[in-house]
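Q: I have a model open and would like to go through its structure piece by piece. Could we start with the strands?

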There are 2 protein chains.
Amino acid sequence: MPSSRASVQPVIIQQRNLVDQVADYLTQAIIGQRFMPGERLSEVQLARDLGVSRAPVREAARLLESRGLVVSQPRRGFFVRVLDPGELVDIFDLRLCLERHAMERLAEACLPETLAALRHQVEVLCAAAASGDETRRIEEDLAFHRLLIASAGNQRLLRTFNDLAHELRLCITLITKTHEAPDSIAESHHHLLDALASGDGTRCREAIDYHIGVARDYVIQGIEEARA
Amino acid sequence: MPSSRASVQPVIIQQRNLVDQVADYLTQAIIGQRFMPGERLSEVQLARDLGVSRAPVREAARLLESRGLVVSQPRRGFFVRVLDPGELVDIFDLRLCLERHAMERLAEACLPETLAALRHQVEVLCAAAASGDETRRIEEDLAFHRLLIASAGNQRLLRTFNDLAHELRLCITLITKTHEAPDSIAESHHHLLDALASGDGTRCREAIDYHIGVARDYVIQGIEEARA
DNA sequence: GATGTACAAGCTGTCGACAGTCGGCAATCG
DNA sequence: CGATTGCCGACTGTCGACAGCTTGTACATC
């Protein structure tokens, strides 16, 4: 008999190997601007600092490279990625591409519980924005959009967005501007929810176009101010 | 003075390190079905066969993992990725998402030389189809779509498509069906070109929706036949 | 003073080795 | 006879080391 449940529970204990731990450390260090864009990441120094050998460091760096956080130059090493304005526009354009797709799929058929989950996440986001903790606000904002994409039901689309999210975080490290007004964040996201609730495809598209356009301009403007 | 061009030319001589060579070897072996889906890739055996140490093999495997060609299980090793039908649908859905975006951008403003380049690639594709070399036809087909995406001018979009292309090749390894009729290939692609030339966004969208729908059904049907 | 060159230090690319873990097989027990 | 336990082989995760390259510096030369 073939049956019941294949495995009671895959038991995701996942032994934390050094590679993942180093990758997490590097990611946090880059996002947290402890390593600045363009800075060289010396394998030996990192290995020394973290108390591991170079092998896990190399593999972790390659992982981050595939996520677009670092770039490698043969025989020279790894460097924290430097985003130029053109790349920034491309990143937000791809984001628009992905989120439009998710919105369209959801406009066709959006379950009440999906809408409720999104609504709840907006509340969490608003709370984070009100707290004044910018890092937390950014993560909850990304979490909302991740949930939006995930709701479309395409795992591959979600994976692509998650990869892109790392680069979005990288964009945000570039700006020094004070945070956005909590009111506009709430309004901006409720606008998306209303569009979804209406089930009108055109309205959904306009809503997401506006939303991401604002986010993009926010980042671009923030960078120009930081540069000045 | 800060300037002119930061680097005259990144000098893409890129010394072929072992990692890239091993990655290419593995990619070809997987695409060419010398390693079947689900098959385990032993690091030691690969290292022995290729006459290198395990380090480059491990790094190459991680590279392929980021491209979706293999999956890793901690403490167990790397396995050639097995695509289930659901993932296949997701892959084609993402492809649709990306190509729709490119078509829309091109519909807004498509230069004559862009159209000419695409037209030329269709001719190359048709020649490949007529030659009966299925592998070549597939590569030229992908090359057309890569050119289409590249013409939209978003490097990040192109990178995402290139990653996806590896998985598309993986899909195709699953089917055993005889190749499509060259006539329909020509017609199908000319249909896209005509839509682009018209500059009509709606028509472009319909054209790419149809085109990718056909490709998806072709693969899905081929797999079901292979399974029977 | 500017330019080119040789040297030195540090780094990456690659390798072989050791330890811990996983999967399978055989022996043991119910 | 079926299930469990212990053992063995193979493999992965990690490490330290060596060779070759790259970079920065000091020196010689024009």
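Q: Which residue stands opposite B:Val70 in strand 3 of chain B?
A: The model is a predicted one. In it, B:Val80 of strand 3 of chain B stands opposite B:Val70.

Q: How many bridges join strand 2 of chain B to strand 3 of chain B?
A: Four bridges join them, and the two strands run antiparallel.

Q: What is the strand order of the open sheet in chain B?
A: The order of the three strands is 1-3-2, with antiparallel pairing. Strand 1 and strand 2 of chain B are the edge strands, each pairing on one side only.

Q: Which helix packs on the sheet?
A: Helix 3 of chain B does, touching strand 1, strand 2 and strand 3 of chain B. The direction of this helix makes about 115 degrees with that of strand 2 of chain B.

Q: What is the strand order of the open sheet in chain A?
A: Chain A has three strands in the order 1-3-2, with antiparallel pairing. Its edge strands are strand 1 (40–41) and strand 2 (70–73), each pairing on one side only. Four bridges join strand 2 of chain A to strand 3 (residues 77–80), and A:Val70 has A:Val80 as its bridge partner in strand 3 of chain A.

Q: Back to helix 3 of chain B: how far apart are its end C-alpha atoms?
A: They are 19 Å apart. The helix has 13 residues (54–66), so at 1.5 Å a residue it should span 18 Å, which agrees.

Q: Which of its residues are buried?
A: The buried residues of helix 3 of chain B are B:Val57, B:Arg58, B:Glu59, B:Ala60, B:Ala61, B:Arg62, B:Leu63 and B:Leu64. Their cover includes helix 3 (54–66) of chain A, as well as helix 1 (18–31) and helix 2 (43–50) of chain B.

Q: Which residue with a positive phi follows that helix?
A: B:Gly68 follows helix 3 of chain B, and its phi is near 80 degrees.

Q: Changing topic, how many residues of chain B are in contact with chain A?
A: There are 24, in contact with 24 residues of chain A. Helix 3, helix 4 (85–108) and helix 7 (155–173) of chain B each supply at least two residues of that side. Helix 4 of chain B gives the largest share, eight residues. By class, the side of chain B that touches chain A has eight nonpolar, eight polar and eight charged residues.

Q: Which residues touch the most other members of the largest nonpolar core?
A: A:Leu157 and B:Leu157 do, in a core of 68 residues. Among the residues that A:Leu157 touches are A:Leu98, A:Ile149, B:Leu94 and B:Cys97.

Note on methods
Residues numbered from 1 in each chain as written. Chains lettered and ligands numbered in written order. Predicted model: local features only at pLDDT ≥ 70, side-chain atom pairs only at ≥ 80, totals over all residues. Core = buried A, V, L, I, M, F, W, Y, C linked by C-beta atoms within 7 Å. Buried ≥ 20, exposed ≤ 12 C-beta atoms within 10 Å, placed from the backbone. Contact = placed C-beta atoms within 7 Å. Expected span 1.5 Å × (residues − 1). Pairing = 2+ DSSP bridges. Axes fitted to C-alpha atoms, helices over the stretch in contact; angles between N-to-C directions. Nonpolar A, V, L, I, M, F, W, Y, C, P; charged D, E, K, R; others polar. Lists of a residue's contacts leave out its neighbours within four places in sequence.
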